[in-house]
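Student: I've got this model open on my screen. Can we walk through it together?

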Amino acid sequence: MASFLFRTIQSHSFLLCPTTLLRRNNGAFYCSMKSTHTQTATQEKQQPPPKIKSSPQGNQAKTRTLDRISKEYEAIIGIETHVQLSTLTKAFCTCPYNYGAQPNTSVCPICMGLPGALPVVNSKVVEFAVKLGLALNCKLSFNSKFDRKQYFYPDLPKGYQISQFDIPIATGGYLDVDLPVEYGGGHRRFGITRVHMEEDAGKLLHADDGVSYALQVDLNRAGVPLLEIVSEPDMRTGLEAAEYAAELQRLVRYLGVSNGNMQEGSLRCDVNVSIRPVGQSKFGTKVEIKNLNSFSSINRAIDFEIARQALLYSQGKADQIVQETRLWEEGSQKTVTMRKKEGLADYRYFPEPDLPEVILNKEYVDSIQSSLPELPEMKRRRYEEMGLSMQDVLFLANDINVARFFDATIGKGADVKLAANWIMGDIAAHMKNEKLTINEIKLSAAELAELIASIKGATISGKIGKEILFELMAKGGTVNGIIKEKDLVQIVDPSEIEKMVDKVFSENPKQLEQYRGGKTKLQGFFAGQVMKISKGKANPGLLNKILLEKLNAKS
Amino acid sequence: MPTRYYYYDYDYNNRTRNCSTTTTRSSLEPPDVPRLAQTARISLTPHEVEEFAPKIRQVIDWFGQLQDVDLDSVDPALRADSETGYLREDIPKTFKNRESMIAAVPSYDEPYIKVPKVLNKE
C-alpha cells in the first residue's frame, strides 16, 4: 500500500492567533441554529467510520470542479479545535458539569466571577492535557503557566478567560490519519502546533420577548475545562480536514478525556482556509470559517470556500478576498460574511497572578505515558498486519470498545477474518437496530470465539450458527448451552443423511421422476426437504454430495 | 487602572516574544489614556482624561525604575512566585448559597441572567 506522508510546512506567514474576534460566540449559534444535518459519524452509541454524505450527481460535478481548481491552486487549511474535557468538576472550581442541566444551577462565586473568588486548578485537567499531548506526539513543557485573555462579553463573567498564551503545555506534535477507502484511501500526517488548557465561557441565547432585544446568559458551562488544539496548516482538501477532525474525536474518546461530541459542543472546530496559485510561494489571504457542526460540514464548507476563492482569483478579483470570519450556513450550503473586522483584537495577555506555575516531572509524565491505551493509529497498523482489509481495519479500530471486543475474541483463538465479519455484519446490525453499544449486548467475546470455533469445527452449520448468535445477543447464555438445549448439533454421519434422503425420495416420487427426466434444478428442492426433516442440522456439503450421488446413481 | 510594566506580544509568525520594555526608565511610552479607557470600558470626560494622564504616568514611571536593573545574566522566570503548584482533586462539591448569588443578579429572568444586547465583541 502506498504510504503518503505529509511534511509540515517549515516557513509560512500564517497568522493564527488573536484575530479571532468572534471565537467566543459559540453559545449564541449553538442555541439559535438547529443543525439540519445529523451526521452519521457521531451517533451516540455505535458509530461506523464517518461517512461524508453527498448526492452522486452533485458529487461528480463537484469533483470535476475541484479537480480543475486543484490543478491551478493550492489550498492551505489549518484547524483550531476545542475539546471539552469530561472531568467531574470545572477547571478552577468544584462545580460539577452536566450537559443539559437547568440553567444557572451549577455555579459558584469562582465561575460566576464574583469579587474575591480565587481559582484553584483541577488536577485532572493537567492529567488530561498531558495525556493528549503525549498521544499527539508533542513535546511537553515541564513548566508552563496560565495567562489572562481579556475581553468583554456577557458570557465571560470575569471579563477575562484563563488560558495559556505563550507557554502552552504541549507543542510540536503530529497526528496520523487514514483516509476512508471509498475516497481513495491513503495515509496522512498532520502537524500539531500546540495544545493548551483553558476554560469555557457560558452560553448565550437571544431572548424571545421582542421588546427589549435582550440576551440571556446561562453560566453552567462557564469554567468548564477545554483543551485547545491548533494544527499546522497541513491539510489541502475538505476531506483531509474532516478526517483530521474525525481522528481527533476518535483519539479523545480512546483516551477517555472527552466524549468528543460535535452536536453537544464537546468538540468544536474552526477552520482557516487560504489558496494560492500553484507555484506561488506567497500565501494567500486567510479566511476563518465558524459554525461547523459536523464532519461533513467541515468538508463541504472548506470545498465551498476553496471554490469561492478560486473563482475570485480567476476573475482577477483576488483582492476581494479579505481576512475575515465567515459562517457556514447549513441550509444554503455556503459561507457568508459574519461582519467585517474592526481592527485586530487586543487581548492584553499577562500571566494569571492567581495561579501558580504548572510543574510536571519525569515520573508523572512517564506514569501517564505507560497508562495510555493502544492508540487508533497503532491499532490500525496492527490490524493491517493481521491481514485484514483496510475497510475492516477502519471499522474495527474506529470505536475503542469494538476494538477491545475484537481483540478479546481473537485472543481466545478465533479466526481473525471470521471474527471481523461477524462483528461488522450481524453484530453491528443488531447494535444499530436495538440502539446498543457493544458493551451492552449480551453476547460476550468469549462466546463469539466459541461460536466461531464450533462452526469451523463443523459441530454446527453456519446457518445454525447465525441463529445461535441472535439468541446470544438477545438473551446471553453460552454456545454449548444453547446447542445442548435445542439439540442443534450438525448431522455429519453419512448413513443418517442417506436415510433422510431415501425418505425424501420415497415421499416425493413425482419430483424424482421429473429430475430423472432432466429437471436438474429440483436438486435444490430435495436438499430443502432433507434440511426440513433434519431441522436444519444436516451438513449442507455432505448432504449435497450424498444427494447428487443418489440422484445420479439410479439413472 | 492597569499598572502593567510588561507587555507580551506573541508573534506566531516568528514564534518569539517581543517585550516592549527597554532598559532606560524614561523610554516607557506615555499612556494613551483615551485608548486605555476604551479598552477598560470606563468612560472619561475630556477633563478627566487630562487630569488622569499625568497621574497614570507617574505610577508607570514608578514601576519603570525596575528597568534599571541589569538582567543580562538572568534567565527570565515564568512567574514571580516560588510556591509549588497546588492542584486539587476532581471531586464535585455544590456551592451551598446559590440563592444569594442569584438574588444579587441585577436582572434575573428565571432561569437566565438577562443582559442588554451587545453590538459587537471587544
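Student: How much of chain B counts as buried?

Tutor: Quick housekeeping: this is a predicted model, where local features need pLDDT of at least 70, side-chain atom pairs count only at pLDDT 80 or more, and totals for chains, interfaces and linings use all residues. Residues are numbered from 1 along each chain as its sequence is written, chains are lettered from A and ligands numbered from 1 in the order written, and side-chain values use heavy atoms, leaving out hydrogens and water. Buried means under 20% relative accessible area, exposed over 50%, partly exposed in between (1.4 Å probe, protein chains only). By that cut-off, the buried share of the 122 residues in chain B is 21%.

Student: Is B:L66 buried, partly exposed or exposed?

Tutor: B:L66 sits in the loop between helix 2 (46-64) and strand 3 (87-88) of chain B. Its relative accessible area is 46%, so B:L66 is partly exposed.

Student: Over to chain A: why is strand 12 of chain A largely enclosed by the rest of the structure?

Tutor: Strand 12 covers residues 267-277 of chain A. It is largely enclosed because, of its 11 residues, the number buried is 10.

Student: Which residue of strand 13 of chain A does A:N272 stand opposite?

Tutor: Two strands pair if DSSP finds at least two bridges between them. Strand 12 of chain A pairs antiparallel with strand 1 (residues 73-84) of chain A over 11 bridges, and there A:G78 stands opposite A:N272. Strand 12 also runs antiparallel to strand 13 (residues 287-292) of chain A, with 4 bridges. In strand 13, the residue opposite A:N272 is A:E288.

Student: Which residues touch the most other members of the largest nonpolar core?

Tutor: A nonpolar core is a set of buried Ala, Val, Leu, Ile, Met, Phe, Trp, Tyr and Cys residues joined through side-chain atoms within 4.5 Å. The largest one has 68 residues, and helix 4 (residues 238-255) of chain A gives the most to this core, with 9 residues. The two that touch the most other members are A:L136 and A:I298.

How values were computed. Helices (H or I, at least four residues) and strands (E, at least two) are DSSP runs, numbered from the N terminus.
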